[in-house]
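This report describes selected features of the model shown below.

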Amino acid sequence: MIQSLYIKDFALIDELEVSFAPGLNILTGQTGAGKSIIIGALNMVLGERADTDMIRQGAQKAIAEAVINVGDAGSIKNILSEHAVDFGRVLILRREIRNSGSRAFINDTPVTIAVLRQVGDLLVDLHGQHDHQLLLKEENHGKVIDAFAKVSEPLYEYHERYKEASALMSELSSLKKMERELQEKLELYRYQYKELEGTELDNEQIESLEAELKLLDNAEDLDQKAALITELGSNGEANLTEILNTLTSAIDDMAAIEPDFETYSQELKTAAISIQEMLRFTERYRENIEFNPMRLDELRRQQTTLKRLEKKYGRTTDQLSIYRDELRSNLNLAENFTQEINQLQIKIDTQLEKLKVAAVNLHNARIEQGEILSGRMQKELRELGIPHASFEVRVNYIKSDKGWLEIHDEKIACHSEGCDDIAFTISTNKGEQPKPMIKIASGGEISRVMLALKSIAAREQHLPVMIFDEIDTGISGAVAERVGETMRELSNYCQIIAITHQAQIAGQAHHHFSVEKHEEADRTLTHIKLLNRDERIREIASLTSGAKVSEHALASAREMIDKTS
């Protein structure tokens, strides 16, 4: 139940706060007074689109805040828990609109507009001024049927099977597309793979090639340096070996006299050993230096080939290796496409059988619920002043040569919400066959059909709040009285907030509010007031007689109110 609504700087509203109560809350007032602005602000706080043009002139932002008692509401609790919002039996929904955008809050915790709308959809069913026109479009009829509990479970099962089948269908489509593309590029891929296959692209092989190339390319210089070391080490007249021996002998003699030289004696001996090992290694290394011009040319050709391939393919050597593996995979796939497609088709056939079962179950559930709804609608419409109403829900499979399923020897198309065309048909006169609503029903009849549907849905779905913005379009007199009685009876199941211009409906209110606009300091502002009994009588009388209220109108208004007491 909506306990209160606070609005600030929204359209004609400077600042307004209104408290609603259980039962039927009626809003009346002259055209243009701002009744629909109040409903628009409430709509905004429930997560619907917010227009920055609604910010009151001169203000920085518009604010709408609703305090709503939701009770236990397990489904809402789960949503809030997923988004780290504290849950309580009373929720505060808040929306702020600035020129730069809008923000949403639940219990002072920032949330996305999508979360606000998700919560709002579970709390309030808001029927706008022109929403009854939606009934004239058959694509909306299925949504009405699918909202009932008996359809929701088979619909959920169908959704799951459809998603699985669609995923496999998409995979098959992608595979066939890939097959076509591969066939077109197959020769190119074969040529590229052959070119890359004969080239060493692995990191270890490339490192080995570069190391070998470096050695062969510098073999002559290595030989010259090794020869110089050998010559200086032991082959010259004053070679390093003899110098080290002489130094070692002299240092040993000095150490025998002066102990401070003992450390240097040991270090010199260690150095001499290292130098001797280095000289021997250099001699052995020189013997194994390879002079191989043919091998050097071959390695240079390989290096040149790698550089050319990197430039040609626009990839580094590492990337060329990956691309070569991709080519190999694509070529293998091209050779095995038939097998891959056949295996996938087997999976699809299995999944389509599951989808068919789900589609048939959903179809039958819709037919069953449609029959129940038809009977209940005829009863509701009789009570709303259409005594000879005949209402039917027609559920038919969608036939198509390209349909996924075969049911009763016919190809049936599937979409995300099922395999059915669902249409409401109605006859409002005795003896006439039901026809599409757009061809039969008048504006007043469409309004009553919508109210009947809302009444059934409220009882079925336990909606906490229903809001009607002029659902009484096209009706008056005794019919309006019956509509008012229906709304009052419906308010036993949920809170109702309604805008009306009909005295007969306003007379049924548990709580009656008057919406007025006033001029204050060159500004037009909207205000709302809860009426007492005397104020209600005058307000209802004005709906029938205009600004100049007659005694007869007052008496009639008093009678309307007394009938509901």
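## Basis and a β-α-β unit

A crossover is called right-handed if, with the strands pointing away from the viewer, the path from the first strand over the helix to the second runs clockwise. Helices (H or I, at least four residues) and strands (E, at least two) are DSSP runs numbered from the N terminus. By this criterion, β14, helix α15 (residues 477-490) and β15 form a right-handed β-α-β unit.

The model is predicted: local features need pLDDT of at least 70 and side-chain atom pairs count only at pLDDT 80 or more, whereas totals for chains, interfaces and linings use all residues. Residues are numbered from 1 along each chain as its sequence is written, and side-chain values use heavy atoms, with hydrogens and water left out.

## Strand β14 and its partners

Two strands are taken to pair if DSSP finds at least two bridges between them. Strand β8 (residues 124-127) runs parallel to β14 and is joined to it by four bridges, with Val124 opposite Val465 of β14. Strand β15 (residues 495-499) is also parallel to β14, through five bridges; here Met466 stands opposite Ile496.

How many of the residues of strand β14 are buried? Five of the five residues in β14 (residues 465-469) are buried, where buried means under 20% relative accessible area, exposed over 50%, and partly exposed in between (1.4 Å probe, protein chains only). Val465, Ile467 and Asp469 point one way from the strand, while Met466 and Phe468 point the other way.

## The antiparallel sheet

Six strands make an open sheet with antiparallel pairing, in the order β2-β1-β4-β5-β6-β7. The edges are held by β2 (13-19) and β7 (109-111), each with a single partner strand, so one side of each has no neighbour in the sheet. On average, neighbouring strands of this sheet are turned by 15° against each other, direction ignored; the axes are lines fitted to C-alpha atoms, for helices over the stretch in contact, and angles run from 0 to 180 degrees between N-to-C directions.

Within the sheet, β4 (residues 61-69) and β5 (residues 90-98) run antiparallel and are joined by nine bridges. Ala64 stands opposite Arg95 in β5.

## Salt bridges

A salt bridge is defined as a side-chain nitrogen of Lys or Arg within 4 Å of a carboxyl oxygen of Asp or Glu. The whole structure contains 24 of them. One joins Asp14 and Arg56 at 3.4 Å, N to O. Asp14 lies in strand β2 and Arg56 in the loop between α1 (35-45) and β4, so this pair ties together parts that are 42 residues apart in sequence. Asp14 is partly exposed at 29% relative accessible area, whereas Arg56 is buried at 15%.

Another salt bridge links Lys269 and Asp252, whose closest N and O atoms are 3.7 Å apart. Because Lys269 belongs to helix α9 and Asp252 to helix α8 (residues 240-257), the pair ties together parts 17 residues apart in sequence.

## A nonpolar surface patch

Leu215, Phe281 and Tyr285 form a nonpolar surface patch with about 300 Å² of accessible area together. Patches consist of residues with over 30% relative accessible area and no salt bridge, like charges being joined within 9 Å and nonpolar side chains (Val, Leu, Ile, Met, Phe, Trp, Tyr) within 5 Å. Accessible areas come from the Shrake-Rupley method with a 1.4 Å probe; for residues, only the protein chains shown count as cover. Tyr285 is located in helix α9 (residues 262-288) and is partly exposed, at 31% relative accessibility.
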